[in-house]
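The entries below follow the order in which I turned to each part.

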Amino acid sequence: MTQFEGSHILSVNQLDLDAIHTIFNVANRMTPYALREKRTKVLEGAILGNLFFEPSTRTRVSFGCAFNLLGGHVRETTGMASSSLSKGESLYDTARVLSTYSDVIAMRHPEAYSVKEFAEGSRVPVINGGDGANEHPTQALLDLFTIQKELGFAGRGVDGMHIAMVGDLKHGRTVHSLSRLLCMHKNISFTLISPGELAMPDYVLDDIANAGHRVTITDQLEGNLHQADILYLTRIQEERFPSQDEANKYRGKFRLNQSIYTQHCKSNTVIMHPLPRDSRAQANELDNDLNSHPNLAIFRQADNGLLIRMALFALTLGVDTQLEKYECPVNWYSRKADR
Ligand code: CP
């Protein structure tokens, strides 16, 4: 039995390097199932409650697919209006009820710490799919998993690496969670590039400083990218602003395209973005002209999300050692891996 069985996954703060290592090992073992080379029915009969009270494409669908790929069923609730939360029901009552209907619950909610509050009423494991501007632990895990793989291809490791984080670092929950995971490593250099008003929160900066890592804080993109091994771009999180006009003040301030990349980055800098990227003309923080660049890892990140979420389900439901026992063949055409 691992530390994960029956446990909630609410914050990266509950993890240490051993726990991360365990998750990544199980995630790697999920590859043949995610690629449809093999099937496993290890969660046949189990039900995932997939509760998304805020828009999502990747996280919602990959949680659902991850559960399906392990043989389980998915019951989905999307949007506040279609839930009795809109009638004033508490998160606690909602959790008490839905945890009878499900074996595990994945949840996204616009309020910070709401998933934790929900988990207090749940009788089954709850996995945080993003709570307001606070945390996105499964995204941070898939980001770190991607960083390890991308740097690993070039014979490099996470310890000693340099990451430049760009954009809305105040509201971007992915950078909050990822920074904390990186803090567990050795000798990381952070370059944090954002408008002053959208700077990384002090509590994350304190974690970075307390762990003894180097930080440069700036509001200039060009000229601050040349040392980055990883360039992690983020969107202006318009849904966290009081109005679109407020968000518009910051859209398009930092843009990466082929020309800027070639001029200012190392030739092996890996480009990451949690997605969605805002491709509207006024924002366009990551230009389509980099779509075919081999160092663009954004879709590999999304692919890795499936592996990480499969691993978390297998671990929280205690079936990580039984995957092979419940294997069965794939009878249909399946695409080949990109890489
Ligand atoms: N990265 C991420 O959380 O994407 P979605 O909002 O589409 O789930």
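How many nonpolar, polar and charged residues does the lining of the largest cavity have? Before answering I note that this is a predicted model, and that my search of the whole structure for cavities of 30 Å³ or more finds two.

**Entry: the largest cavity**

I looked up the classes and found that six nonpolar, three polar and three charged residues make up the lining of the largest cavity. The space inside the largest cavity comes to about 80 Å³. When I listed the residues that line the largest cavity, I wrote down V166, G167, L233, T234, I236, Y250, R251, G252, K253, F254, A283 and E285.

**Entry: the two domains**

Next I checked how the protein is divided, and I found domain 1, with the bounds 12-135 + 304-328, and domain 2, with the bounds 137-299. Between the C-alpha centres of domain 1 and domain 2 I noted 26 Å. I then looked up the contacts, in which 30 residues of domain 1 meet 24 residues of domain 2.

**Entry: the second largest cavity**

I turned to the second largest cavity, for which I noted a volume of about 40 Å³. The second largest cavity is lined by R58, T59, Q139, L142, P274, Q301, A302, G305 and R309. Looking at the elements behind this list, I saw that α3, α6 (137-153) and α11 each give two or more residues to the lining of the second largest cavity, and that α11 provides the largest share, four residues. By class, I counted three nonpolar, four polar and two charged residues in the lining of the second largest cavity.

I went on to the second largest pocket, which holds about 380 Å³ of space. Its lining has 21 residues, and those closest to the centre of the second largest pocket are R108, R173, R235, L275 and P276. I noted that α3 (58-69) and α7 (173-183) each supply at least two residues of this pocket's lining, and that domain 1 and domain 2 each contribute at least three residues to the lining of the second largest pocket. When I sorted the lining of the second largest pocket by class, I found four nonpolar, ten polar and seven charged residues.

I placed P276 in the loop between β10 and α11.

**Entry: the sheet of four strands**

I then followed the strands, and I found an open sheet of four, in the order β3-β2-β4-β5, with parallel pairing. In this sheet β3 (73-78) and β5 (126-131) stand at the edges, and each has a single partner strand, so one side of each is left without a neighbour in the sheet. I noted that neighbouring strands of this sheet are turned by 10° against each other on average, direction ignored.

Looking at one pair in detail, I found that β2 (residues 47-52) and β4 (residues 104-109) run parallel and are joined by five bridges. Here L51 has M107 in β4 as its bridge partner. I also saw that helix α11 (residues 298-316) lies across β2, β4 and β5, and that α11 runs at about 145° to β5.

**Entry: the sheet of five strands**

The other sheet I looked up is an open one of five strands, in the order β8-β7-β6-β9-β10, and the pairing is parallel. Which strands stand at the edges of this sheet? I found β8 (214-218) and β10 (270-272) there, each with a single partner strand, so one side of each is left without a neighbour in the sheet. On average, neighbouring strands of this sheet are turned by 15° against each other, direction ignored.

Strand β6 (residues 162-166) pairs with strand β7 (residues 189-193) in the parallel sense, over five bridges, and I noted L192 in β7 as the bridge partner of M165.

Last, I looked at N187, which I found in the loop between α7 and β7. N187 has a positive phi of about 60° although it is not a glycine.

Note on methods
Residues numbered from 1 in each chain as written. Predicted model: local features only at pLDDT ≥ 70, side-chain atom pairs only at ≥ 80, totals over all residues. Heavy atoms only, no water. Pairing = 2+ DSSP bridges. Axes fitted to C-alpha atoms, helices over the stretch in contact; angles between N-to-C directions. Contact = heavy atoms within 4.5 Å. 1 Å grid on protein atoms, 1.4 Å probe; cavity = no way out; pocket = protein on both sides within 12 Å on 5 of 7 lines; lining within 4 Å. Points joined across faces, edges and corners; volume = space filled by probe spheres on them. Nonpolar A, V, L, I, M, F, W, Y, C, P; charged D, E, K, R; others polar. Domains from an automatic or database assignment.
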